[in-house]
2 protein chains.
Amino acid sequence: MRADALRNRERLVEVAQSAFATNGIETSLEEIARQAGVGIGTLYRRFPRREDLIAAVLAERYLKLTECALTLAEHRKDADAALTEWLTLLVEHMAIYRGLSLAVKEAIHDQSTALGRTCKEMMDAGTALLERGQSLGVFRTDVNFYDVMSLCSGIVTAVERRAEKLADSDIPPVDPYLLLDVVLKGLRSGVLGGGAGG
Amino acid sequence: MRADALRNRERLVEVAQSAFATNGIETSLEEIARQAGVGIGTLYRRFPRREDLIAAVLAERYLKLTECALTLAEHRKDADAALTEWLTLLVEHMAIYRGLSLAVKEAIHDQSTALGRTCKEMMDAGTALLERGQSLGVFRTDVNFYDVMSLCSGIVTAVERRAEKLADSDIPPVDPYLLLDVVLKGLRSGVLGGGAGG
DNA sequence: GCAAAAAGCGGAGGCTGACTCCGTTTAGCG
DNA sequence: CGCTAAACGGAGTCAGCCTCCGCTTTTTGC
C-alpha cells in the first residue's frame, strides 16, 4: 500500500472514531471525508461499505473482547460468573456508539462484511463460554449464542432509545445491568420456568 | 372533515398497510402517496410524521391488544400464564411489519406522536398484568414494564434481522418463542440469579 | 342554485446523503 | 528524471424527505 494511501486510511479511521462517538454510526460519510481532508471517493475506495469503516474503528476493541473471552474460559472456574462478566463487557462495548448495537445484530448473521467477520471471531470465543456452562449444566441448552447476542443487543438498543428522550418524562432510565441480569437469570438451568412457550 | 379528505385518508391507510406488509415501515412515503393516487403534500398534511401513518394503520390492532390485556387481568387467575399469553401476542404483533419492533421501542419513550400515545394505552393495560404478578410475588419487582417491552422488541428485531439473511448460512433461524421463554424465566421470582449485576 | 369562504390538493423544488465514474495527480521504482 | 500503477477528488446522479403555495373542490349561507 502506498504511503499516502496509508496515511489517509489512518486519518479516516481516526476521524470516523470521533464522529461516531459524537453522532453515532449513522454519521454522514461525506462529513467524515471532509473532516479527514480527503475526497469522498477516497473514503469509498478504502471502505466500500459503512460497516467496513465501523469494523476498522472497532478492530482493537474486538481483539480485546475475544482475548478476554478466551482468558475467562481458561482461568475462571465458575462458568456462570465467566459468562456474566463477559456479557457485561459485551453490552458495554455495544453501547459506545449510538446505533452500534443494531449494526452488530445485523452483522452476526452476515459474514460478508468486515464487521461480520470480526464479530464471528469474538462470537466463537463467547460461544465457548456459553457452551462450557451448558455442558456443566449451568445454562439451559436450547439456547445458542446468537440468541444471547440478540438479547444483549436488544438491551443496548433500548438504553440508546431511552437516552435520546431523557427530556420529556416521568419514565425512568433503562438500566442495562438490570436487563442483563434478567437475561442471565433466564439462561440458567433450574426448576423455574420450564413450561410457558407459545 | 370534508368528504374527499376522508376518502383520501382511508385510501392512504389502506395502501400504507399493504406497502408496510411488503416492504416494512421504512417504505418510501412518496411511493405510498403515488399508489394511493394522491399528492405527497396530501399525505403529509394528514400524517405529518411517518409514525402518525403507522399508528393509523395499527389502530385496530392496538385496541385489540389493549382489550385483551384487560380481559386477561380480569379473568385469568394465573398471573404468570396471563403475562405469558399477552407477551406472546405482543411479540407476534410487533413482527407483522419489518421495522415495527424498532419503531415501537422508540415510541414507548415518546408520547409526542400518535404511535407513542397508542402504545401508552396498550402499555398501561400490560403494566397491570405485570404488576399484578409482581404483587403476588410471581415476578421480580425491580423490573418495570418498559424493561419488558424493550426486551420483547429486541427479540422481534433479532428475528427480522435474521430473516433478511436466511440465504447464506449454517446459522439457525431465531425462534421468538424460545427467546420470550428466556425473558419470562428471567422475570420470575425465585432463588436463582439474585446476584450478578454490575 | 349560486357565490364566497373554507378546506383541501398536488407537485415543483430545495435539501441531504449515498454512491459512481473518470480525468488528474503523485508516489516510488529503475 | 521519467514512467506507470496506484491513488485522489469531487462533480454528477439518484433517491427520499419535507415544505410551500397557487389552484381546485366542497361546503355553507342565502
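Which side chain meets Glu106(B) in a salt bridge? Select Glu106(B) and Lys165(A) together: their side chains form that bridge, with 3.9 Å from N to O. Here a salt bridge is a side-chain nitrogen of Lys or Arg within 4 Å of a carboxyl oxygen of Asp or Glu.

Before going further, a word on the model: it is predicted, with local features needing pLDDT of at least 70 and side-chain atom pairs counting only at pLDDT 80 or more, while totals for chains, interfaces and linings use all residues. Residues are numbered from 1 along each chain as its sequence is written, chains are lettered from A in the order in which they are written, and side-chain values use heavy atoms, leaving out hydrogens and water.

Helices are DSSP runs (H or I, at least four residues), numbered from the N terminus. Lys165(A) is buried, at 14% relative accessible area; buried means under 20%, exposed over 50%, and partly exposed in between (1.4 Å probe, protein chains only).

Next, pick Arg161(A) and Glu160(A), whose side chains form a salt bridge at 3.6 Å, N to O. Arg161(A) is buried at 11%, and Glu160(A) is buried at 8%.

Now move to helix α7 (residues 114-135) of chain B, where Lys120(B) and Asp124(B) lie four residues apart, about one helical turn. Their side chains meet in a salt bridge at 3.2 Å, N to O. Lys120(B) is partly exposed at 28%, as is Asp124(B) at 43%.

For a last stop, select Glu106(A), Asp110(A), Glu160(B), Arg161(B) and Lys165(B), which salt bridges with shared partners join into one network. Over all chains, the count is 26 salt bridges.

How values were computed: Helix = DSSP H or I, 4+ residues; strand = E, 2+ residues; numbered from the N terminus.
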